[in-house]
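Please read the following explanation alongside the sequence and the model, taking the overall picture before the local details.

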Amino acid sequence: FPFPYTPYRIQEEFMEALYGALEAGRVGIFESPTGTGKSLSLICGALSWLRDVEEKKRREEARLLEGLGPAEPAHPGSAEAAGEPDWVTAFVQRKEERDKVDRLKEEQIRRKKREDRLEKIRNNVQLKYAAKRKRSEEDETKRLLQLSKEALSQGAGADVLDQLDHNEEELILAEYESDEEKKVVSGLEEDDDDDLEEEHVMKIYYCSRTHSQLSQFVREVQKSPFGKDTRLVSLGSRQNLCVNEEVRRLGALQLINDRCMEMQKNKHEKKSDEENEGKKRRVSRTVCPFYSYEQMQFLRDEVLVEVKDIEQLVSLGRETKACPYYGSRYAIPAAQLVVLPYQMLLHEPTRSAAGIKLKDQVVIIDEAHNLIDTITCIHSAEVSGSQLCCAHSQLSQYMERYRKRLKAKNLMYIKQILYLLERFVAMLGGNVNQNPGCQTVSQTGTVLKSINDFLFQSQIDNINLFKVQRYCEKSLISRKLFGFMERYGGSATAVKNNKENQKLAGLQNFLLTLQQGSDKEGDPPVEAENDQHRAASPLMQIEGFLSALTNANQDGRVILNRQGTVGQSSLKFLLLNPAVHFAKVVEECRAVIIAGGTMQPVADFQEQLLSCAGVDPARVLEFSCGHVIPPENILPVILCNGPSNQQLEFTYQTRELPQMMDETGRILCNLCNVIPGGVVCFFPSYEYEKQVYAHWEKTGLLTRLATKKKIFQEPKKANQVEQVLVEYAKCIKRCSQAEGQMTGALLLSVVGGKMSEGINFSDDLGRCVIMVGMPYPNIKSPELQEKMAWLDKTMPRAAGQAPSKVLIENLCMKAVNQSIGRAIRHQKDFASILLLDHRYARPAIFNKLPQWIRDRTQVKPAFGSAFAELRKVRTSISCI
């Protein structure tokens, strides 16, 4: 399936490696630079392989059903060795054959039934509206019944339960039946349907970072050769898929989750109450009108009939009055391709709740360069002293008000939670009964403890945290507590709804429109950051910390960060071994493909993820394909000395020297004189970029730069990034059209900032990318020091280097590779890359550059020869 923007040679190499990895059941680490159609190549190759597997399976089924493939005869002597006569062995073999044939027939019947149903829906437009009409009739019937009940209740008089009104009744915790989880079918036990028992077909789980990236990917699939006949389902969070406006208004993801689960619970409690008509019933509780199994069945079929992205799925849910969140999950068993954020796949409880079964399936994790950090972040948690004190106060008030209405087990668990909160605050040096903002911490600083030491020293080792955590999850206590404090005006901790990943993807789409020439004043703005804070119970955050404490002692650490006051202090769980949560994925799956545009260096994936997860090295396949651009379209240069022969070494000790900042300014002035369009300069940190800018402003160098390029700075606030990028792009466009003295713009950015990942500086937006120094992480960070110590203790030395040193270099080079990869974004793009530090020429560092950059990199000891190369490139570009 050749793609117009991908050279056939690269595509053929990629497809051959991918097909081989899937066929052999490998764990593949695939690197494919931007512009090679990586995502589409991945899925087209995987779907092509899946079609072959399905075709082989059908041929095998047909052969067995026709009786052309009898079971292989037993080996001579096997029956005697087992002490059984030949007729017994033959009988067992025939029985196994018959059972297998029966299973194949049942599977064929199910498959035929599913295909006929989908084909019928695909070709019969009338069926698309039948369920909608029926749903409207049912809603009208329910409304009339409700009016009748209200009329009767007015005559009889309403019961009042213990002087609690209707709304307050919903705040009471339901009786907690057992310490063990009750095995209840996911709310649909009353619906007996064969489709619920449908087995999972072999499928591909495709994961990426954000919903925006997944939507873009689904649109590519729609245009691919597989777009018309692939059963694809997009999964997402309730925050993205919920169509109940009452729930969506809650804003915070945890609140939406809790409210949704509470509505499901209310539905079953309501049914139970209706069965006991002779008894005094509780007042009716709110149920979700979109949680209708029949309507969700219809939505499931619509999803399987035609490829839909999340936005189309939400629109369909509103139209059919069916929940897209659950309807999409019902489509998973029959789907061939499941698209989901990789946070959902990497978190086992979320994976289980979604009905994702990885046994013998294929998983493709795209944009996986920060996979280790993502796993660590998902399974880490932090709570502040103010959150702990606030949760204790709220929970105490709740218990006092409803003490007489709560069952014994509810009271027992609430008291355990209160005790845990007291001990956590005591570990920070405070008291839960006092204002955390007024309690001064006597011994400030950061202390790291193992999980067991923390449990012993906080005197909570006698409490079963697994049971407490399960109780919090099943009882929905955080949701009840939130409702209680919202009703009575209690102070609640602010929970910020983080949409930074989605925002960055929106900015990427915006720059793509700029590339296509769209620069209209009336264009709709890009999705801005949502700075709204939503009040929520701090107990939600604390539940995550309790869950983190259930990890094995050797896999994590608890960090006590004691600041000036108890409120400013915090407890943080740091996961050290991400492989413990990735192991199950690679164990269950047939094949796992970890892919990205810039995966170098891959040693981290090999050692921290795969080796620690017990993956046999023979099962690991590494593949890196070349870039689509010709060699002459890129000029990477490692510059060792500046114009005044000052050696370039931006260490923590030397980078703040005036002569180093002056030398950097001279380099930029010379480059801006010969490079047209946009120049993007990356600094190691916001603080250093600010310091250099102030120094240039003081020495007048900034004024010299501004004669050739208009200067822009990357803002710290994410909601200001869009405006800076718009102005930067407009300035470059105006300068290219005016052909005056000013030739473009200079953007001062930060490694690891908002513009170092997910943004396209294609064409004139990035004709040169400059990396100032080497962005090593802060080795004084307690978290990083603990990670380094853990690696030195558990990992073998590589090529004579300590694992901790390798980690530091890899973190640095991953950040560099992501930043310099912003420039080359398609086959006809061209740019220069300038690395300002002589340390890049060291073999250990040089070899960690992406191969497509490393093969074309020139090391220039003097600035003159590097400047001559850049002028030569400028001359050739002018001729073109």
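Residues are numbered from 1 along each chain as its sequence is written, and side-chain values use heavy atoms, with hydrogens and water left out.

The mean pLDDT (the predictor's confidence in each residue, from 0 to 100) of the protein chain is 78, and 78% of its residues reach 70 or more. Over residues 181-196 the pLDDT falls below 50, and this stretch has 25 contacts in the model beyond near neighbours in sequence, a contact being heavy atoms within 4.5 Å. Residues 277-284 also have a pLDDT below 50, with eleven contacts beyond near neighbours in sequence. Where pLDDT is low, the predicted coordinates should not be read in detail.

The secondary structure of the chain comes to 34 helices and 20 strands, which are DSSP runs numbered from the N terminus (helices H or I, at least four residues; strands E, at least two). Of the 880 residues in the chain, 51% are buried, where buried means under 20% relative accessible area, exposed over 50% and partly exposed in between, with a 1.4 Å probe and protein chains only. Among contacts with a separation of 6 or more, 83% join residues 24 or more positions apart.

The largest nonpolar core has 122 residues, of which Leu-371, Ile-414, Phe-424, Phe-454, Phe-545 and Phe-582 touch the most other members; such a core is a set of buried Ala, Val, Leu, Ile, Met, Phe, Trp, Tyr and Cys residues joined through side-chain atoms within 4.5 Å. Helix H18 (residues 408-427) supplies the largest share of this core, ten residues. Apart from this core lies another, of 40 residues, including Ile-629, Ile-638, Cys-735 and Val-816. Leaving aside neighbours within four places in sequence, Ile-414 has contacts that include Leu-173, Tyr-398 and Ile-477.

Leu-549 is found in the loop between helix H23 (539-548) and strand S10 (556-562), and counts as buried because its relative accessible area is 3%. Beyond its neighbours within four places in sequence, Leu-549 is in contact with Phe-424, Ile-451, Phe-454, Leu-455, Leu-465 and Val-558.

The structure also holds five cavities of 30 Å³ or more, a cavity being a set of points, on a 1 Å grid over the protein atoms alone, where a 1.4 Å probe fits but cannot get out, with lining residues having an atom within 4 Å of a point. Grid points are joined across faces, edges and corners, and a volume is the space filled by probe spheres set on the points. The largest cavity has a volume of about 140 Å³; of its 15 lining residues, the closest to its centre are Cys-242, Cys-260, Cys-288, Cys-323 and Tyr-326. Helix H10 gives the most to this lining, with four residues.

Some details of the backbone remain. The peptide bond from Gln-600 to Pro-601 is cis, with omega near -10 degrees, and Pro-601 lies in the loop between strand S12 (591-596) and helix H25 (603-611). Asp-360, although not a glycine, has a positive phi of about 60 degrees, and counts as partly exposed because its relative accessibility is 44%.

Definitions and conventions: This is a predicted model: local features need pLDDT of at least 70, side-chain atom pairs count only at pLDDT 80 or more; totals for chains, interfaces and linings use all residues. On a 1 Å grid over the protein atoms alone, a cavity is a set of points where a 1.4 Å probe fits but cannot get out, and a pocket is an open set with protein on both sides within 12 Å along at least five of seven lines; lining residues have an atom within 4 Å of a point.
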